[in-house]
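Thank you all for coming; I would like to take a few minutes to walk through one model. Please have the sequence and the structure open while I talk.

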Amino acid sequence: MTELEALKARHSVRNYQDKAIDSETVDKLCAFIDECNAAGDLKLQFLEDKEGTYSKFLNKFMALGTAPSVIACVGKKADDLNERIGYYGQKIVLYAQQLGLNTCWAGTFSKSATPCIVEDGDELVITIAIGYGVDGGKVRKSKSAIDVSEVKGGYDNAPDWFKAGVEAALLAPTAINQQKFKIVLEDNDEVEFVDKGGVFSKVDIGIIKYQFEVGSKNAK
């Protein structure tokens with residue numbers, strides 16, 4: 001499975017099999033997380049046993065408590081921390097899909113019961129539930145490419161690489177499926193990502209940026 005195929009196949013999964021992730025897959029995942037941490041100056045941590053991360057009632061209701069493991073998204077506090085977590089976290093999510101795993105970005109969790117290391121000056125921003133899903137998740141309702149983009153002369157006149165990037169971005173997970181972003185094509189072919197606000201919107205922008213990159217580079 002290529003990264004683009006993983007992007008198209010991946011959906012949020014909240015209900016997981018009662019099955020631990022095998023050791024070979026864990027080793028590959030942890031090595032990849034280490035690479036992303038180095039590239040993004042982050043401290044994302046794979047926790048084989050999620051313990052009480054999803055002990056809150058809402059998580060139990062949504063079945064997230066069935067996930068065997070979790071990726072704790074930690075980093076040194078900074079203005080762009082949430083965006084970097086979204087960008088590199090989604091890179092890891094797509095790699096996990098290629099490994100045969102399922103995931104769900106989860107902003108509702110117990111910080112005090114998440115067994116990760118958070119040093120002075122660090123912040124635990126969000127988590128990613130991970131494991132073998134009961135199913136592969138389902139397609140959710142989405143806005144149109146025209147709704148989330150801005151192109152001089154209209155979307156139909158945009159280059160193919162931009163359209164492919166926008167289509168990939170529309171497949172990205174966003175908090176409560178809000179899709180509060182705008183992708184603007186500038187006159188010099190540079191792309192601006194506009195955060196329109198909302199819960200975890202800065203994490204969402206990072207996720208959107210990575211998905212756009214995957215889609216657009218495969219169209220060039």
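Let me begin with a question: does Glu119 count as buried, partly exposed or exposed? Glu119 counts as partly exposed, at 47% relative accessibility, where buried means under 20% relative accessible area, exposed means over 50%, and partly exposed lies in between, with a 1.4 Å probe and protein chains only.

Before going further, a word on the source: this is a predicted model, in which local features need pLDDT of at least 70 and side-chain atom pairs count only at pLDDT 80 or more, while totals for chains, interfaces and linings use all residues. Residues are numbered from 1 along each chain as its sequence is written, and side-chain values use heavy atoms, with hydrogens and water left out.

Now to the salt bridges, meaning a side-chain nitrogen of Lys or Arg within 4 Å of a carboxyl oxygen of Asp or Glu; by this rule there are seven. In one of them Glu119 pairs with Lys43, with the closest N and O atoms 3.0 Å apart. Because Glu119 sits in the loop between β3 and β4 and Lys43 in the loop between α2 and β1, this pair ties together parts that are 76 residues apart in sequence. Helices and strands here are DSSP runs, numbered from the N terminus (helices are H or I of at least four residues, strands E of at least two).

Lys43, itself partly exposed at 32%, also meets Asp122 in a salt bridge, again at 3.0 Å from N to O. Asp122, in contrast, counts as buried at 7% relative accessibility. A further salt bridge joins Glu83 and Lys209, at 2.6 Å from N to O, and this pair links helix α4 to helix α7, 126 residues apart. Through shared partners, Lys43, Glu119 and Asp122 form one network.

Let me turn to the interior. A nonpolar core is a set of buried Ala, Val, Leu, Ile, Met, Phe, Trp, Tyr and Cys residues joined through side-chain atoms within 4.5 Å. The largest one here has 45 residues, of which Leu29, Ile85, Trp105, Phe162, Val166 and Ile183 touch the most other members. Helix α4 gives the most to this core, with seven residues. In soluble globular proteins, nonpolar side chains tend to be buried together.

Finally, Glu192 is partly exposed, at 38%, and its place is in strand β7, residues 191–195. Leu58 is likewise partly exposed, at 40%, and lies in helix α3, residues 57–61.
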